[in-house]
Amino acid sequence: MMRRGVNSGVTSPSNNNQSINNNKRNDHDNKLEKFQKFDIQSRNILFIIMLSMCILLIWLIQSADRYNERRMSKFQPSNIHAQKRSLQKKTDTGISLMDPNLYKAVTDLKGDSTTATVMGLASGYDLKTYMGFVGGLRKSGFKGHIILGVAPDVSPEILEYFKYRQVTPKILKWVNCTYTAPEDDKADIFKKTKCSHPYSDIKIRWSRFPLQRDWLRDCKTCTGPVLVTDVRDTLFQLDPFGPGSPPVKGLQVFEEDKSQTTQHWLTKWPIDSCKHVTYEETMLCSGTTVGTREAMLKYLEIMYEEMKVWIETKECRFNINGDDQSIHNYLFYSGQLPFATAIPNRRGGIVNTIGVEGSNLRQEHADSMMKKYNIDKDHAMLKDFEGASGKRWIGKKFNIADDDGMFVEFDGKTRSRVVHQWDRFGKPLLKYMRDNGFYDDPIPGK
C-alpha cells in the first residue's frame, strides 16, 4: 500500500504544467532575444543603406552643380549677359567703356532730322538701286546727312544724282590685303587679295566698320543720331528720325524675328570655334545699327579692334560672308557693348528687320503654288501672294503690310519707319515695287 506524499515515480499534474510553462517562457525569451538581435542588425543595415543613399544624393547634387558650372561657362543665359553688361569697364581688346556720354540720349530733335546721319557702304550698285535707297530716304522727309562709300569707278551719272540728292560720296580705294597666314593655313580667305584702303588688315566686307567711323568722325555737323545700314535691301517708309520717331539713347541693336536665334550656324559655329562659348539668344542683325554720335563712334571702334583679333587668330578665320554678324552678336552677348540696347523686332523700333519672315513666307508660297498649279519654283514665284489685291501685295492674314502695301509693325497698323531685308519676299514684292515706282527718282529736267 502506497503512502500519501511519497514520490512513487509519477509526476504530479501541477509539476508538469509548471515545467511546460517554464519551457514556453524559455522559448519566448530565446525568440525575443533573437528578434532583438535581428532588430538591431536590421536597424544597423537600414541606417547604413540610408546613409549611403544620402551620400549618393549629395554626390549627385554636387556633380550636377559642377556640370552646370561647366555648362554655364559655355552657355550664357540672359541674366548673365545683363550682369556682365552692367559690370564691364573695358572690352577684351582694352577699349574703355567708362565714358558717361556713351549712355546718354540724343537731345529731342522735335521731328527735325537735319543733324542726323545715315551711312552705308554701297559699292558697285547701279543707278536704280541708289534711287531706291536715296530717293526713298529723301522722299520720307529726311533732311540730314547721307554718306555712302562707292567704288573707285563710280559713274558720273551716279555722282550727278548724288549731288542732286545731297549725298556725300566716299570714293573707296582698293589695295592688296596685308593680313597673313601660316604656311600650313590654306583657307580661301587668304587668297582674296583685294582690301579697302587704309584697312588692308581686315576683310574687305568688314572694312565698312572702321571706314564709317572715320566718315562720321570727319563730319563735324553730324551731331545728331546716326543710322549705319545696308543699302541694297533697305527701304524708308518714314523719316527714321522724323516726327514721332522713338528716342535714341546710347546704341540700339536690332533683333531679328524671335524664331531666329544665335544657335543659327552663322553665329553658333564661328563664336564657338573662336571664343569657345555658345549663346541661345535672339539673333541681332549687324546690317542696321542706330546710336548717338558718341555711341556709334565707340561701337565702330570696338568692332574694328575685335575684327583684327579674329583675322589674326587661326580659330577665328572663316571663309564665309557675314561673320561680321558673328562678331556683332558676340560683343553684345559677352557684355562688351554695355551702352547698347537690343530692340525687339516689329515692336515700334526705328528698324523692322523682316528677312526671316520674308524667307519663310516666300518658301511657303512657292511650295503652295508648285503643288496647286504643278509648276516649277521659278514659275511659282511669279504668282501673287495669297490675298493680294490692288496695292495690297500680300494678304491681310499674314500681318505683314497694310492695304496700301506698306510694311507694318506687329500690331498690324503702325507703319515701320525703316525696313531691312525687304527683298526676301521675292518676285511678287519686287514686281510690286517696280510697278509702284519704288526705283523712280529722276533728276528734274533729265
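This is a predicted model: local features need pLDDT of at least 70, side-chain atom pairs count only at pLDDT 80 or more; totals for chains, interfaces and linings use all residues.
Before you start: residues are numbered from 1 along each chain as its sequence is written. Local features need pLDDT of at least 70, side-chain atom pairs count only at pLDDT 80 or more, totals for chains, interfaces and linings use all residues, and side-chain values use heavy atoms, without hydrogens and water.

**Stop one: the cysteines.** A disulfide is a covalent bond between the sulfur atoms of two cysteines. Here the term covers a pair of cysteine sulfur atoms within 2.5 Å. The structure holds 3 of them. Counted along the chain, the bonded cysteines pair as 1-2, 3-4, 5-6.

**Stop two: select Cys177 and Cys195.** Their sulfur atoms sit 2.0 Å apart. Cys177 is in the loop between β4 (174-176) and β5 (194-196), and Cys195 is in strand β5. Strands are DSSP runs of E, at least two residues; helices are runs of H or I, at least four, and both are numbered from the N terminus. Cys195 is buried at 0% relative accessibility. Buried means under 20% relative accessible area, exposed over 50%, partly exposed in between (1.4 Å probe, protein chains only).

**Stop three: select Cys219 and Cys222.** The S to S distance is 1.9 Å. Both cysteines are buried.

**Stop four: select Cys274 and Cys316.** This disulfide spans 2.0 Å from S to S. Cys274 lies in helix α6 (residues 265-275), Cys316 in the loop between α7 and α8 (323-333), so the pair ties together parts 42 residues apart in sequence.

**Last stop: select α7, residues 293-312.** Of its 20 residues, 14 are buried.
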